[in-house]
Amino acid sequence: MTRRFTFPGFVDVHVHFRDPGMTDAETAASGLAAAAHGGFAAVVTMPNTTPAGDSIEWIERQMVAKGRGEQKTIIIPSACITKGRAGAEVADLEALAEAGAAFFTDDGSYVADDRVMEEAMNRVAALNGVVCQHAMDPVELKGGVIRDCALARKLGLPIVSVETETKAISRDLSLCRETG
């Protein structure tokens, strides 16, 4: 007996359309088409594009992209925590939230500076928003490319230690407690 299920639509909270700047990998149009084909009603775009998604203009470009083509899937943009995803200075989170950012992330980059992350978390808490961290401390990464597993050992790949993630998560949980 074959079972069939109907769902109103899924939401993918982490997509990389690479639009603008790296459209040879994916465009908003091709990403939306693939998402619609897969049954996704909405997708949240990541801001690790060129330029980085740290401006109102970037958010607006994402919002315009959702109107392209015949797709019913909508784009919900996230935005950078820091300017240029550089980890040195907090972006204009308030303006980005007002422009429509779903949450804040330097996706693919770890915000290593405790003071920068604390400021970001305080400001996002005031917005009743969400910070999503790329929880891999680069000091602990040490050239690792994969968590320890049978395939990694078989291929001789450099291992990412557990501490790479646990130190990052521990620091951020402490900041969450401090900032709300």
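**View A. The salt bridge between Glu165 and Arg147 in the predicted model.** Glu165 and Arg147 form a salt bridge (a side-chain nitrogen of Lys or Arg within 4 Å of a carboxyl oxygen of Asp or Glu), and their closest N and O atoms are 2.4 Å apart. Because Glu165 lies in helix H7 (residues 162-179) and Arg147 in strand E6 (residues 146-147), the pair ties together parts that are 18 residues apart in sequence; helices (H or I, at least four residues) and strands (E, at least two) are DSSP runs, numbered from the N terminus. Glu165 is partly exposed, with a relative accessible area of 24%, and Arg147 is likewise partly exposed, at 36%, where buried means under 20% relative accessible area, exposed over 50%, and partly exposed in between (1.4 Å probe, protein chains only). This is a predicted model, in which local features need pLDDT of at least 70 and side-chain atom pairs count only at pLDDT 80 or more, whereas totals for chains, interfaces and linings use all residues. Residues are numbered from 1 along each chain as its sequence is written, and side-chain values use heavy atoms, with hydrogens and water left out.

**View B. The salt bridge between Arg123 and Glu94.** The closest N and O atoms of Arg123 and Glu94 are 2.7 Å apart in this salt bridge, which links distant parts of the chain, with Arg123 in helix H4 and Glu94 in helix H3 (residues 93-99), 29 residues apart. Glu94 is partly exposed, with a relative accessible area of 32%.

**View C. The salt bridge between Arg171 and Asp172.** The side chains of Arg171 and Asp172 meet at 2.7 Å, N to O, and both residues are buried. Elsewhere, salt bridges that share partners join Glu94, Glu119 and Arg123 into one network, and the count of salt bridges comes to 11.

View D. Asp106 is found in the loop between strand E4 (104-105) and helix H4 (114-126). Asp106 is buried yet has no salt bridge, the nearest side chain of opposite charge, Arg85, being 5.4 Å away; Lys and Arg count as positive and Asp and Glu as negative, while His and the chain ends are not counted. The side chain of Asp106 reaches the backbone nitrogen of Ile81 at 2.8 Å. Leaving aside neighbours within four places in sequence, Asp106 is in contact (heavy atoms within 4.5 Å) with residues including Cys80, Thr82, Gly87 and Cys132.

Key. A polar contact is a pair of N or O atoms within 3.5 Å; within protein, one must be able to donate a hydrogen and the other to accept it, and residues adjacent in sequence count only if both atoms are side-chain atoms.
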